[in-house]
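I opened this entry to look up how two chains meet. My notes follow the display.

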Amino acid sequence: MIRSLYIAAKDLKAEFRTKQMFNSMLIFSLLVLVVFSISFGDFLGDSSKVEKLAPGVLWVAFTFAGMLGLSRTFVMESENGCLEALKLCPVDRSAIYTGKVFSNLVIVFLMEIVTIPFFIVLFNYSLDSGTLLLLGLVLLLGTLGFIIVGTLLSALTLSTRTRELLLPVLLLPVLLPVLIPGVEATAGVLAGNGLSGISSELRLLAVYDLIFFAVSHLVFEYAISD
Amino acid sequence: MAANSRKTGVLAALAAGVMLLAVYMIFFYLPPIRDESGAVLSDSFRIFFFHMPIAITSYLAFAIVFVASVFYLREKALKWDIYARSAAEIGALFSFLVLATGSIWAKDAWGWYWIWDLRLTTSLVLFLVYLAYLMLRKSLEEPEKRAQLAAVFGIVGFVSVPLSFFSIRLWRSAHPLMFGGNSGGSGGSGLEGTALQLTLAVNFIAYLLLFAALFAVKVENERMQEAVDEKRYGEFEEGI
């Protein structure tokens, strides 16, 4: 566990030196929000319609921006034989996976935290601090599920010919069980339902995270061995 | 090899025979179907007897992909990879047929081709996972790497299908079992009576036989392909 934290720390250090991935993901997700906001411009004043649309828009932005970052996680390692060096580390292969999940989670979650204020401004919400905390919890659980599967599939597509194209194709069908409760829970939070209103969605997200973490942990070794 | 293809031939002939019987039973043997209140249902309901066996078969094919993937990762034996890819291709075809037959019936019965219903969406996810699996296979060239990575995705994809079932159940909880009676199997309305159950059983056997025959042909083809590849690459290496 400590060892995977070392790997995560290495990734985060490398990322925050350049902030290349973080910045491009952030700008991309903001652009998605702006595009949706423009195309729905006519009825942004109608709060009943915004309430139905906005949670989906938020998740579309996060999913696509996140995918942009995920496709980079292992490509970054393939330069200068870094992946081989990483595999030579005296750690379990699954520790590499856990470390990558952790660093990706931190980067994507930070990106989401920065995006949220823009989302609130563009879609005209006013949220109190309790709601914001709850929204953070929903986003954390949903993003964790997204990252858990995405990191595995990112390693899987590393050696394919069309990796940037293939990752979304593989990821989206598998991601459906996290997107549906994620969007539902976000809609519930934004509509002002408390923790009790979204508990079944949160439970499902947690179950998804646990099951997929266990499965990915087991099969990751095969995804990067050659 | 010759004995194998003879067995496949017998299986295919048997599948064709039972299939003819099954189609005959659907269109000529079945009496008009009534629902619980006794009203005669539209004839379009007969498509159900194709639909449900195909759906069950597509789930079966997917289970084969999963089991073969697990065994491939354990044993690294080529035969498991051949089983997985054969089942995946046939499964993709069957899961497409599920969506097609379901939509045709839905247009007649509900007036829409598509509704985000529980079972419909689960079938769609199944189909998409199959497509993604085949796409992944297409974009890898090295046979061993392809087999291994495809096996990893086969396992992950299989796990996601039941989870999507639960997530959609949550999503659509406002519509409790709208159409549950019809697609729920032989316990549903309108499926009392031996004629109906017999027809359904014969159709089940027909589609399972069809699947078995296709699977046998496909596995044989893949084996031959492997043999050809081995010869070709062998000569290539000698040429160097």
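**Interface of chain A and chain B**

I looked for salt bridges across the interface of chain A and chain B, and the rule finds zero. I kept in mind that this is a predicted model. I then looked up polar contacts across the interface of chain A and chain B and found one residue pair, with both residues at pLDDT 80 or more.

Which elements of chain A give two or more residues to the side that touches chain B? I noted α7 (129–156), α8 (163–190) and α9 (199–224) of chain A. Of these, α9(A) gives the most, with eleven residues. I sorted the side of chain A that touches chain B by class and got 21 nonpolar, five polar and four charged residues.

**Extent**

I looked up the contacts next: 30 residues of chain A are in contact with 29 residues of chain B. For area, I have about 2,600 Å² buried between chain A and chain B, with 79% of it on carbon and sulfur atoms. On the chain A side, L156(A), R161(A) and Y222(A) lose the most area to chain B, and together they make up 21% of what that side buries.

**Helix α9(A)**

I went back to α9(A), as the element of chain A that gives the most residues to the side touching chain B. I recorded 26 residues for α9(A) and a reach of 36 Å from its first C-alpha to its last. That is close to the 38 Å expected at 1.5 Å a residue. Where is the kink in α9(A) centred? I placed it on L218(A), with a bend of about 40 degrees.

Definitions and conventions
Residues are numbered from 1 along each chain as its sequence is written. Chains are lettered from A and ligands numbered from 1 in the order in which they are written. This is a predicted model: local features need pLDDT of at least 70, side-chain atom pairs count only at pLDDT 80 or more; totals for chains, interfaces and linings use all residues. Side-chain values use heavy atoms; hydrogens and water are left out. Contact means heavy atoms within 4.5 Å. Buried area is the accessible area (1.4 Å probe) that two parts lose on being put together, summed over both. A salt bridge is a side-chain nitrogen of Lys or Arg within 4 Å of a carboxyl oxygen of Asp or Glu. A polar contact is a pair of N or O atoms within 3.5 Å; within protein, one must be able to donate a hydrogen and the other to accept it, and residues adjacent in sequence count only if both atoms are side-chain atoms. Helices (H or I, at least four residues) and strands (E, at least two) are DSSP runs, numbered from the N terminus. Ala, Val, Leu, Ile, Met, Phe, Trp, Tyr, Cys and Pro count as nonpolar, Asp, Glu, Lys and Arg as charged, and the others, Gly among them, as polar. The expected span of a helix is 1.5 Å times one less than its number of residues. The bend at a residue is the angle between axes fitted to the seven residues ending there and the seven starting there.
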